[in-house]
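Please look over the sequence and the model before reading the points below.

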Amino acid sequence: MVVSRDRNHFMLIHEAWENHLRVHAYLVHAEIRNDKIWIHYDGIEDGITDELVAAGLPKDRIVLAFHPPEVRQHTGYAIA
């Protein structure tokens, strides 16, 4: 996991070697902003949002930032 200097951005990264080349990919990019968790990218098969809700985080504290604002109102999660 990579954490930014301001400790508001969190990224889960997969790194490996394939055919003598180093490859890496982001699995999750999240940010804590205004007491909410903004999910910028979620490449986990079942989604990190389900894990956050199962851990007790209310849906109104999670923003699916990878959706445009006009779509977020239909997701059941926070708009912003």
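The model is a predicted one, in which local features need pLDDT of at least 70 and side-chain atom pairs count only at pLDDT 80 or more, while totals for chains, interfaces and linings use all residues. Residues are numbered from 1 along each chain as its sequence is written, and side-chain values use heavy atoms, with hydrogens and water left out. The chain contains two helices and five strands, and the order of these elements from the N terminus is β-β-β-β-α-β-α.

**Overall build**

- Helices (H or I, at least four residues) and strands (E, at least two) are DSSP runs, numbered from the N terminus.
- The C-alpha trace of the chain spans about 45 × 25 × 25 Å along its principal axes.
- Of the 80 residues in the chain, 21% are buried; buried means under 20% relative accessible area, exposed means over 50%, and partly exposed lies in between (1.4 Å probe, protein chains only).
- The chain has an accessible surface of about 5900 Å², and 53% of this surface belongs to carbon and sulfur atoms. Accessible areas come from the Shrake-Rupley method with a 1.4 Å probe, and for residues only the protein chains shown count as cover.
- Among the contacts in the chain with a separation of 6 or more, 22% are between residues 24 or more positions apart; a contact means heavy atoms within 4.5 Å.

**Charges and salt bridges**

- Lys and Arg count as positive and Asp and Glu as negative, whereas His and the chain ends are not counted. The place of a charge is taken as NZ of Lys, CZ of Arg, CG of Asp or CD of Glu.
- Two salt bridges are present in the structure; a salt bridge is a side-chain nitrogen of Lys or Arg within 4 Å of a carboxyl oxygen of Asp or Glu.
- Arg 22 is partly exposed, because its relative accessible area is 48%.
- A salt bridge also links Arg 33 with Glu 31, and their closest N and O atoms are 2.9 Å apart. Arg 33 has a relative accessible area of 30% and is therefore partly exposed, whereas Glu 31 is buried, with a value of 11%.

**Surface patches**

- Patches are made of residues with over 30% relative accessible area and no salt bridge; like charges are joined within 9 Å, and nonpolar side chains (Val, Leu, Ile, Met, Phe, Trp, Tyr) within 5 Å.
- A patch of negative charge on the surface is formed by Glu 45, Asp 46, Asp 50 and Glu 51. Asp 50 belongs to helix 1, which covers residues 48–54, and is partly exposed at a relative accessible area of 45%.
- Leu 12, Leu 27 and Ile 44 make a nonpolar surface patch of about 190 Å². Ile 44 is located in the loop between strand 4 (36–42) and helix 1, and its relative accessible area of 35% makes Ile 44 partly exposed.

**Individual residues**

- Glu 70 is placed in helix 2, residues 69–72, and is exposed, with a relative accessible area of 51%. Between Glu 70 and Asp 50 there are 20 residues of sequence separation and 22 Å in space, C-alpha to C-alpha.
- His 14 is part of strand 2, residues 9–18, and counts as partly exposed because its relative accessibility is 41%. Apart from its neighbours within four places in sequence, His 14 is in contact with Val 23, His 24, Ala 25 and Leu 27. The C-alpha atoms of His 14 and Asp 42 are separated by 13 Å, the two residues being 28 residues apart along the chain.
- Asn 19 lies in the loop between strand 2 and strand 3 (21–33). Asn 19 is not a glycine, yet its phi is positive, near 50 degrees; Asn 19 is exposed at a relative accessible area of 73%.
- His 20 is also found in the loop between strand 2 and strand 3. The phi of His 20 is positive as well, about 65 degrees, although His 20 is not a glycine. With 78% relative accessibility, His 20 counts as exposed.
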